[in-house]
Amino acid sequence: MQSFKKYKESGMVSEAPTGKLIKRMMANTVQKKRYNAALKVLKNLWTRKSKEKPGRHGLEYYASDIANQYNIDTRVLVGIAKKAGL
């Protein structure tokens with residue numbers, strides 16, 4: 001995660017609907033702690049569930065449950081998780 005200024009200068013800001021763009025920026029700036037905590041929980045849950053019953057549910061299913069608990073956007077959390085290598 002990085003500051004808003006670095007995020008803006010990195011060129012990751014592209015043509016996207018305003019709501020999605022705002023949520024992506026908030027994930028990297030204002031709500032950084034929430035997304036980091038949710039990502040940590042998602043990583044632990046995903047590794048455990050993939051060992052127990054592989055293929056039962058996808059990453060998006062578990063990300064949805066965790067995002068609802070942390071009151072964050074599911075799609076942004078999935079995007080961060082995929083960038084992190086899940």
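Predicted model: local features only at pLDDT ≥ 70, side-chain atom pairs only at ≥ 80, totals over all residues.
The chain contains 5 helices and 0 strands, and from the N terminus its elements follow the order α-α-α-α-α. Of the 86 residues in the chain, 26% are buried. Among contacts with a separation of 6 or more, 54% are accounted for by residues 24 or more positions apart.

Helix α3 comprises 21 residues, namely residues 32-52. Five of its residues are named as buried: Tyr35, Ala38, Leu39, Leu42 and Leu45. Viewed down the axis of α3, these residues lie within an arc of 145° and therefore line one face of the helix. The face turned away from this buried side bears Lys33, Lys40 and Lys51, which are exposed. Cover for the buried residues of α3 comes from elements including α2 (18-28), α4 (59-70) and α5 (74-84).

The packing of α3 against α4 was examined next. Two packed helices are described by the angle between their axes and by the distance between those axes. For α3 and α4, the axes come within 10 Å and cross at roughly 140°. The crossing is right-handed. On the α3 side, the contact is made by Arg34, Ala37, Ala38, Val41, Leu42, Leu45, Trp46 and Lys49. These meet Leu59, Tyr62, Ala63, Ile66 and Tyr70 on the α4 side. By residue class, the contact between α3 and α4 consists of 11 nonpolar, no polar and 2 charged residues. Ala38, Leu42 and Leu45 are among the α3 residues in this contact, and they are also listed among the buried residues of the helix.

Ala37, a residue of helix α3, also takes part in the contact with α4. Its relative accessibility is 29%, and Ala37 is therefore classed as partly exposed, between the limits of 20% and 50%. In sequence, Ala37 is 33 residues from Tyr70, whereas the C-alpha atoms of the two are 8.6 Å apart in space. Tyr70 is one of the α4 residues in the contact with α3.

Helix α2 has the buried residues Leu21, Met25, Ala27 and Asn28. They cover an arc of only 155° around the axis, and so lie on the same side of α2. As noted above, α2 is among the elements that cover the buried residues of α3.

Two loop residues were also considered. Gln31 is located in the loop between α2 and α3. With a relative accessible area of 18%, Gln31 falls under the 20% limit and is therefore buried. When residues up to four places away in sequence are not counted, Gln31 touches Met26 and Ile72.

Asn71 is located in the loop between α4 and α5. Although Asn71 is not a glycine, its phi is positive, at about 60°. The relative accessibility of Asn71 is 59%, which is over 50%, so this residue counts as exposed.

How values were computed. Residues numbered from 1 in each chain as written. Heavy atoms only, no water. Helix = DSSP H or I, 4+ residues; strand = E, 2+ residues; numbered from the N terminus. Expected span 1.5 Å × (residues − 1). Buried < 20%, exposed > 50% of the residue type's maximum accessible area, 1.4 Å probe, protein only. Arc of directions from axis to C-beta. Contact = heavy atoms within 4.5 Å. Axes fitted to C-alpha atoms, helices over the stretch in contact; angles between N-to-C directions. Left-handed = near helix turned anticlockwise from the far one by under 90°. Nonpolar A, V, L, I, M, F, W, Y, C, P; charged D, E, K, R; others polar.
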